[in-house]
Amino acid sequence: MINQLISIQKRMKQLKSILVIGLSLLISVAVTAQPVKGGKKISSDLFGLFFEDINYSADGGLYAELVQNRSFEYNPTERSEWNPFSFWEYISPGFSYGRVSVETSAPIHLNNPHYLVLDVEHVGKEVKFVGISGVGLKNSGFDGMVVKANDQYNFSMFVRQLSKEPISFNISLQTPKGEVIAESKISTSSNDWTKYAASLKPTQNCDTASLVILATTEGKFAIDVISLFPEKTFKNRPNGLRADLAQMLADMKPAFIRFPGGCLVHGDGLGNMYRWENTIGPIEQRKEQRNIWGYHQTAGLGYFEYFQFCEDIGAKPLPVLPAAVSCQNSGGTWRIGGTGQKAVPMNEMQDYIQEVLDLIEWANGPVTSTWGAKRAAAGHPASFNLKYVGIGNEDKITPEFEERFTMISRAVKEKHPEITVVGTAGPFHSGEDFDKGWKIANDLKITVVDEHYYTDPEWFINNQHRYDSYKRNAGDVYLGEYASWGNKLRNAIAEAAYMTSFERNGDVVRMASYAPLLAKKNFTQWKIDMIFFDNVTICPTPNYYVQKMFSANQGDFYFDKVIAKDEKDNSLAASCVQDSNTGDIILKLVNYNETAKPMKVNLNRFGKMAAEAEQTVLAGNPDDENTFTNTKSIVPASTVVKIKKTFDYSAPAMSLTVIRIKTKN
Ligand code: AHR
């Protein structure tokens, strides 16, 4: 017994010393993480994405749902001509007849009040009719559904049988000519709301297909949440994202994604604010609402899906919540100077603050917590590792804003000191809201502040030293929205020049994201965007390529004096960073001139490096742009080049060059 005790004691001692060695190793690793060869430590979250549900970016865009108005919740507050039956067609092929009505008395969920009732009086059996007889509905999605031969499409619907006998359904995909290219059958079995599913496999490709749901037996039923998804969503996630569009974003390797929007977040009046809690849980229980940009949001792409996407592509989530005030332009008051800001009443602020705190618990809390359990129930027991929360979006800095922002940010800091609150500094690069926003943030010791500005390319060229003089002892900058007014190469290159200044000032510029990100052809509310798309084609702009060349080539140490150029010519810009994970040295060389310009690279301060490097160049004429007829008019070209410790580089006219060099130990 004593021997046993002694040996246990010995083991404990051994374990203790292993632990001490392990800990000291960990500490020494942390302590010895030195700037790589004298570089300046810069943000490793510098280049990310800002996703806003604007320009049909979510429904009809990144969100892969093919059915439009799946829950019959469209309404005239969104468009005067819209109603719950918009984008649906009542059909009764084969000399059949019946009745259809929109009802609200016994919905699936109170958040989803409208549904249809169909009363199938007669299913025609006339001998001369060829095809499927019945009474039902047709939906052509967002200007036609794109389906691929032999791919699987997952159909589902909620039905409540209102007559005694089961109802049989024929579900099909049809071409505009009515050719059936996929078919499946469903039969109801309950007088309660029940979800029925089927899968469809088209026999041919079609870019303009419709979904047809036909009751083929007589009877009465209620129907709601009719959905059709490709099985092949991004990473095959159910309720997932359109794979090709999501891949374009993933290819950028963004460090973070800010979502779900800018103005969309603070909303057109208090009732239109984006409330995150309404966007989680089963889709039939989510609260749909008017999108401030003049259409409908199903919230099918909701907080769970945003967080999941961030995780899937290795980006940090940056959700933005309203600062308990609505958009200053609410009700169209931008026409009279933006006086439309409304504030959550003080007696509702505690509940509002709780909603913000609940988000943090939902994202990070243990599965035993109230909100962590909801995340787990949705299929994600592990924490989403939330680190940043944005409060407010370029709000008018009024006393009402200040009071509420102060309350919310204090509550978050107090309960969750591990979370970084991102403040807001108005919609312009300077001016009253900008100054007041920064002052409030600094007074409250907010460590990151969101600036926004959209302006012309020359402004970006002429203001490349803006951040050189920013105080290093105040909050860091998140340039959450910026773009020069245009999608031509000159715009993209002006942005590239400006982006080198983020790297140079990466000790004070923590994050940056171009805006807006996505825009559906013919459905845009904001003309200048990063990626245009329709149902079939994606048209990336030169601005996309510039963003991608920076974000897929981020570093965490900055080196000055590596690239020599004519310092008097502010149309030239350059930066050098190193990624301490891979050891790669990354050069970015920008020429906004219309002729080639010389630059000299000196890599002598770096150790051994590979003899060859990957060089990617985006260059062309200033007015070059991509269009739907030629989506590849301007694309970057990559080649492998020989690298010496010092070399001359002739930066092509109107160009961005990225050279990525591998180092050796
Ligand atoms: O990016 C488009 C809009 O521009 C955003 O919603 C808003 O924050 C800004 O005014």
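Two strands are taken to pair if DSSP finds at least two bridges between them. Helices (H or I, at least four residues) and strands (E, at least two) are DSSP runs numbered from the N terminus.

This is a predicted model, in which local features need pLDDT of at least 70 and side-chain atom pairs count only at pLDDT 80 or more, while totals for chains, interfaces and linings use all residues. Residues are numbered from 1 along each chain as its sequence is written, and side-chain values use heavy atoms, with hydrogens and water left out.

**The three-stranded sheet**

An open sheet of 3 strands has the order β23-β24-β25, with mixed pairing. Its edges are β23 (518–520) and β25 (538–540); each has a single partner strand, so one side of each is left without a neighbour in the sheet. From one strand to the next the twist averages 25°; axes are lines fitted to C-alpha atoms, for helices over the stretch in contact, and angles run from 0 to 180 degrees between N-to-C directions. β23 and β24 (residues 531–533) run parallel and are joined by 3 bridges. Leu-518 has Ile-531 of β24 as its bridge partner.

**The five-stranded sheet**

A further open sheet contains 5 strands in the order β4-β5-β13-β8-β11, and its pairing is antiparallel. β4 (97–103) and β11 (194–200) are the edge strands, each pairing on one side only. With direction ignored, neighbouring strands of this sheet are turned by 30° against each other on average. Strand β8 (residues 153–161) runs antiparallel to β11, and 7 bridges join the two. Within β11, Ala-197 is the bridge partner of Ser-156.

**The ligand site**

The residues around the ligand (one heavy atom within 4 Å) are Glu-52, Gly-262, Cys-263, Trp-293, Asn-393, Glu-394, His-452, Tyr-454, Glu-481, Pro-516 and Trp-526. By class, this shell has 5 nonpolar, 3 polar and 3 charged residues. Here Ala, Val, Leu, Ile, Met, Phe, Trp, Tyr, Cys and Pro count as nonpolar, Asp, Glu, Lys and Arg as charged, and the others, Gly among them, as polar.

| Residue | Protein atom | Distance to a ligand oxygen atom |
|---|---|---|
| Cys-263 | backbone N or O atom | 2.8 Å |
| Asn-393 | polar side-chain atom | 3.1 Å |
| Glu-394 | side-chain N or O atom | 2.6 Å |

Taken alone, the ligand exposes 280 Å², of which the protein buries 95%. Accessible areas come from the Shrake-Rupley method with a 1.4 Å probe; for residues, only the protein chains shown count as cover.

How values were computed: A polar contact is a pair of N or O atoms within 3.5 Å; within protein, one must be able to donate a hydrogen and the other to accept it, and residues adjacent in sequence count only if both atoms are side-chain atoms.
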